Amino acid sequence: MNKQNKARVETIMMNAHTEGNGIKTALIPVAITNNEPDELRWVFRIIREANWHMEPGAYSRSVIMALNYVYTARCDISPDELRTEIVKIISQSSPKRFEYMARACYIDRKPSNAMASVIEHYINKLPQYGERKVQELPTRGLIF
């Protein structure tokens, strides 16, 4: 990583939630996002716009990995449109609740994979992005 990118990543991390363990967990996404400041900024912006920034677990490895996965997997949608749709999906819950519900739907997956799968499921159900065949979410009776 060159000095300019390193400085941008450090600036982004400093803008992250700093109470509790916010900064410690903010160090994790630097590796997850392959030192790409724009990806990291995009993930933090979703957390902020969903009003998760003060919630426990908002900057957890699972949340950041899930959002980063969706960012890289859905390159067919512009990052701004994708961000807007993800905020609509996750802002109805808290980070911990969303993780627990996603894990209940996908019990055999890691938390980050389960959360990414739930987000992708709802994005695929949107008419403008739903060209993929969408199966029912295995909610096991849970309501999101």
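1. In the largest nonpolar core, which has 32 residues, the members that touch the most other members are Ile47, Trp52, Leu67, Ile86, Ile90, Ile119 and Ile123. Helix 3 (37-49), helix 4 (61-73), helix 5 (79-90), helix 6 (95-105) and helix 7 (111-125) each supply at least two residues of this core. A nonpolar core here is a set of buried Ala, Val, Leu, Ile, Met, Phe, Trp, Tyr and Cys residues joined through side-chain atoms within 4.5 Å; buried means under 20% relative accessible area, exposed over 50%, and partly exposed in between (1.4 Å probe, protein chains only). Helices are DSSP runs (H or I, at least four residues), numbered from the N terminus.

2. This is a predicted model, in which local features need pLDDT of at least 70 and side-chain atom pairs count only at pLDDT 80 or more, while totals for chains, interfaces and linings use all residues. Residues are numbered from 1 along each chain as its sequence is written, and side-chain values use heavy atoms, with hydrogens and water left out.

3. Helix 7 has 15 residues and reaches 21 Å from its first C-alpha to its last, close to the 21 Å expected at 1.5 Å a residue (the expected span being 1.5 Å times one less than the number of residues). Because 11 of its 15 residues are buried, helix 7 is largely enclosed by the rest of the structure. Among these buried residues are Met115, Ile119, Glu120, His121 and Ile123, and the buried residues of helix 7 pack against helix 4, helix 5 and helix 6.

4. Leaving aside residues up to four places away in sequence, Ile123 touches Val70, Arg74, Ile77, Leu82, Ile86, Ile89 and Tyr129, where contact means heavy atoms within 4.5 Å.

5. Ala73 is found in helix 4 and is partly exposed, with a relative accessible area of 25%. Ala73 and Glu120 are 47 residues apart in sequence and 9.2 Å apart in space, C-alpha to C-alpha.

6. The largest cavity has a volume of about 30 Å³; a cavity is a set of points, on a 1 Å grid over the protein atoms alone, where a 1.4 Å probe fits but cannot get out, and lining residues have an atom within 4 Å of a point. Its lining consists of Trp52, Val63, Ala66, Leu67, Ile90, Phe98, Met115 and Ile119. Helix 4 gives the most to this lining, with 3 residues.

How values were computed:
1 Å grid on protein atoms, 1.4 Å probe; cavity = no way out; pocket = protein on both sides within 12 Å on 5 of 7 lines; lining within 4 Å. Points joined across faces, edges and corners; volume = space filled by probe spheres on them.
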